[in-house]
Amino acid sequence: MAKLAALAALPVVATLAVANTSMLVVDVKEGGPSGHRIVVPVPLFLAQAALNMVPSHATRAEIPAEAVEVMARSAGLLDALADCPDAELVRVEDGNETVVIEKAGDVLRISVDGRRNEQVRVNVPIGVVRDFVKAQGSRELRAADVVAALKQVSNTDLVDVRDGRDHVRVYVW
Amino acid sequence: MKRTLTLAAAALILAGAPAALAETASPWLHIRVEESKGKQSKVSVNLPMAIVHAALEAAPEKVIRKGRIHLRDHGEGDVDIDDFRRIWAELKKAGDTDLVTVEEEDETVTVAKKGDRVLVRVDKKDGSEQVRIDLPTTVVDAFFAAPGDEVDLKAAMVELSKLRGDVVKVTDKDSSVRIWIDEKNAQQ
């Protein structure tokens, strides 16, 4: 009876674990009447656990020396950006395309609007990127660090791309 | 236009407006570029000077080291910066005067010192191009304050942060460029 109860509790525990953790969701919607929709929810705690089972060399990438230097030096720039009041920092209107970079709260928003319903929205969580950059002390980019950084993000649309009737959205929920 | 843009870029590094105004709030650097022909492109940039300073700090060392640019590292070996320092020191002693006037067939270029500012003016005689650059002496002083073959961009930007108002205005028949500093986070 105790075993049965334990087994029955497993889905509940799993559901609670998922509910209490961030989830990266990739949502791809094809336009048109026969368009497919693919939604891939990735619980970040599972991603982190899975990374622990993969040989470490397969989850690391070498960062070029110049990029390491830029990352080390950009920490101050990210600090300044985090402290900066909300504002539209850059706007480029070029014929049929408009690019806007604005700071809103802890997010750097990049918007690109092109002709024929092309639309790109990228939201960069400044604090998370800053913490990530400051934590990088080596010339290796570790997938586990990326996942750990994503776990700090909540309810944020990271990427939203519309091209005609196609729509791709990547968000943390 | 290429030349005027180059002048504008140089002025962005060196220029400023009346130094008498106080630095009571955080300054913002604004840049606006507008094309009146073709795609009629518009570019506007609004950056707190704190970010400009941080960007200077973040620049790779091979470009800028401790806020200073080493001219010889950038293939400017023929440039003797000491000559410029000497000329600048002499010009400062000269008091208010027209330092340079070049009258060509189609344009007039003047560089004048008035009070605490150096004024650069370029005017096409047919009115198709006009450049207005104000260079406060404190910014130029700071720029040339570094020793040897270095120029101190960081110190110049610190001086620039104290300034408020128009820094550069360039207009020609196809486009206009304006660079200014104020304490607003948006363009008006």
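**Figure 1. The salt bridge between A:D94 and B:K39.** In this predicted model, the side chains of A:D94 and B:K39 form a salt bridge with an N to O distance of 3.9 Å. One salt bridge is counted between chain B and chain A. On the side of chain B that touches chain A, β2 (42-48) and α2 (49-58) of chain B each contribute at least two residues. The largest share of that side of chain B, seven residues, is supplied by β2(B).

**Figure 2. The interface of chain B with chain A.** Contacts link 22 residues of chain B to 20 residues of chain A. The size of an interface is often expressed as the accessible area that is lost when the parts come together. Between them, chain B and chain A bury about 1,600 Å², and 53% of this area lies on carbon and sulfur atoms. Eight residue pairs are in polar contact between chain B and chain A, with both residues at pLDDT 80 or more. By residue class, the side of chain B that touches chain A comprises twelve nonpolar, five polar and five charged residues.

**Figure 3. Strand pairing across the two chains.** Strand β4 (residues 87-94) of chain A pairs with β2(B) in the antiparallel sense, over four bridges. Within this pairing, A:V92 has B:V43 in β2(B) as its bridge partner. In a regular strand, side chains alternate between the two faces of the sheet.

**Figure 4. B:L29 in strand β1 of chain B.** Chain B contains five helices and ten strands, and B:L29 is located in strand β1 (residues 28-35) of that chain. The relative accessibility of B:L29 is 6%, and because the cut-off for burial is under 20%, B:L29 counts as buried. Of the 188 residues of chain B, 40% are classed as buried. The C-alpha atoms of B:L29 and B:R164 are 9.4 Å apart, although 135 residues separate the two along the chain. Among the contacts in chain B with a separation of 6 or more, 57% are between residues 24 or more positions apart.

Figure 5. A:T59 is found in the loop that lies between α2 (44-53) and β3 (60-62) of chain A. Its relative accessible area is 16%, so A:T59 is buried, the criterion being a value under 20%. When neighbours within four places in sequence are left aside, A:T59 is in contact with A:L51, A:V54, A:L141, A:R142 and A:A143.

**Figure 6. The hairpin of β6(A) and β7(A).** Seven bridges connect strand β6 (residues 107-113) of chain A with strand β7 (residues 118-125) of chain A, in the antiparallel sense. Opposite A:S111 stands A:R121 in β7(A). The hairpin has four residues between the strands, and in this hairpin A:R116 adopts a positive phi near 55°.

**Figure 7. The pairing of β7(A) with β9(A).** Strand β7(A) is also joined to strand β9 (residues 156-163) of chain A, by five bridges and in an antiparallel arrangement. The bridge partner of A:V122 in β9(A) is A:V159.

Technical notes. Residues numbered from 1 in each chain as written. Chains lettered and ligands numbered in written order. Predicted model: local features only at pLDDT ≥ 70, side-chain atom pairs only at ≥ 80, totals over all residues. Heavy atoms only, no water. Contact = heavy atoms within 4.5 Å. Buried area = accessible area lost by both parts, 1.4 Å probe. Salt bridge = Lys/Arg side-chain N within 4 Å of Asp/Glu carboxyl O. Polar contact = N/O pair within 3.5 Å; in protein donor to acceptor, adjacent residues only side chain to side chain. Nonpolar A, V, L, I, M, F, W, Y, C, P; charged D, E, K, R; others polar. Pairing = 2+ DSSP bridges. Buried < 20%, exposed > 50% of the residue type's maximum accessible area, 1.4 Å probe, protein only.
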